[in-house]
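Subject: Handing over the structure

Hi,

Here is the structure I promised to pass on. My notes on its charged side chains follow below it.

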Amino acid sequence: MSEHVVIIGAGQGGLQVVASLRQDGFAGRITLIGDEPGLPYQRPPLSKGYMADGDASRLALKPQGFFETEGVDYRPETTAARIDLAAGRVVLAGGEALGFDRLVLATGARNIRPPLPGIELPGVHLLRGLADAAALRDAMAGARRAVVIGGGFIGLEFAAVAAAAGVEVTVIEAAPRLMARAVTPPTSARFLDFHRGAGVDVRLGALGAAILGDESASGVALADGHTIPADLVLVAVGVRPNVELAQDAGLAVADGITVDGHLRTSDPRVFAIGDCANFPLGGRHVRLESVQAAADHARHVARTIAGAEQPPYDALPWFWSDQGPLKLQIAGLSAGWDATHPLQDATGATDTVLVFREDRLIAVETVNQAGRHMAARRLLAQPGGITRDTLAAHDHDLRAALAAR
Ligand SMILES: Cc1cc2nc3c(=O)[nH]c(=O)nc-3n(C[C@H](O)[C@H](O)[C@H](O)COP(=O)(O)OP(=O)(O)OC[C@H]3O[C@@H](n4cnc5c(N)ncnc54)[C@H](O)[C@@H]3O)c2cc1C
């Protein structure tokens, strides 16, 4: 009997496992289980291009014919309800049990729903899937005033699209700066300037206390007593990894499903990848919410399943966010930074931030500087990295520093 790989979660990571397994020559059975309808799709455009133009036709990661050509049993609208590790089976919500030789958990994450009074009112939206995005887009078309709770990537991407569509937008962010968990202060400041310049009312250090309204949302009350009127509220305050299936099966879990350097869970037949995985990188355990992590994890796991010997996973993290005309790109991880070196474009706006820890470059944030971003990825991926002094000797020119290696 040929080996059977079952993948739970048909998003960015799950679909990539399927594609990579076949590319790597795996000839066994593959079953891909996903609880959403339709074909697996990309999420990033939901708050960007799709929110602006409503064109869902470009979202699918692969056409239907891919599953037939590659001999993959794709089961949309199917929920995995339980994993029975002792029997090596996944039990579906309808009761059917699927035996597996290898299991990949690619269950992603779900939005945090803060316990705000009024959060259940019509007019309050969260954004994770295509159905959420379609509902939010419809609501945006009829909205005059929107409040976005959360000044992170998704909230700000939506704010930029909504403001450009003529909606009066207020963003409330509890932290003293935008995107504070992911970028350094100079980049936060650049985006604050952009959003304010585009007419968005950004309130920093502002805590939402309740969503107001009787039959539907009519505004947001802040903890300081102010109220902001709105006919649409987007709550975008982060996600929680979907770990329950793993946890109930007895697998180790800690802010995500705990995996080793080969993305194996505490049961060596079972892997976890993407948003739901907590994995070792650069000497600590991290959980990343990015297309890069989901896709690179998937490629690594597929190679292992296809029988390759390989070093532990150590792909360089990278990320992007499109907000209006600004493309933010991040290479590396800035967590634990202790110094930054911002660079300005001809107008004086910060377009690059070199981020250091203990005098070594750990991350580079760029705005509309695709070439520098690519140079940063290559520099950061080099063994030993690069020091602050070496970069200074090259006048902080990443491409020159790279050329000199
Ligand atoms: C609006 C938005 C914008 C984004 N923008 C960017 C961006 O610009 N750049 C970037 O790098 N990243 C971005 N991301 C993040 C990126 O999309 C995710 O990191 C990526 O999709 C993670 O892939 P994944 O496979 O881990 O999870 P997902 O793609 O979320 O897939 C997980 C799937 O598993 C399903 N599932 C969960 N439990 C079960 C179960 N028990 N049975 C069956 N199916 C189940 C889920 O419903 C989901 O379909 C964005 C995300 C969102 C929501």
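Let me start with Arg269, which is partly exposed at a relative accessible area of 29%. (Here buried means under 20% relative accessible area, exposed means over 50%, and partly exposed is in between, using a 1.4 Å probe and protein chains only.) Its partner is Asp267: the two side chains meet in a salt bridge, 2.7 Å from N to O. Asp267 is buried, with a relative accessible area of 11%.

Before the rest, a word on the source: this is a predicted model, in which local features need pLDDT of at least 70 and side-chain atom pairs count only at pLDDT 80 or more, while totals for chains, interfaces and linings use all residues. Residues are numbered from 1 along each chain as its sequence is written, and side-chain values use heavy atoms, with hydrogens and water left out.

By salt bridge I mean a side-chain nitrogen of Lys or Arg within 4 Å of a carboxyl oxygen of Asp or Glu. The whole structure holds 16 of them.

One of these joins the side chains of Glu3 and Arg102, at 3.0 Å from N to O. Glu3 sits in the segment before β1 (4–8) and Arg102 in strand β7 (residues 102–105), so this pair ties together parts that are 99 residues apart in sequence. (Strands are DSSP runs of E, at least two residues, numbered from the N terminus.) Glu3 is partly exposed, at 28%.

Arg203 and Asp201 also form a salt bridge, with their closest N and O atoms 3.0 Å apart. Arg203 is partly exposed at 28% relative accessibility, and Asp201 is partly exposed at 30%.

Finally, have a look at Asp53, Asp55 and Arg58, which are linked in a network of salt bridges.

Best wishes

Key. Helix = DSSP H or I, 4+ residues; strand = E, 2+ residues; numbered from the N terminus.
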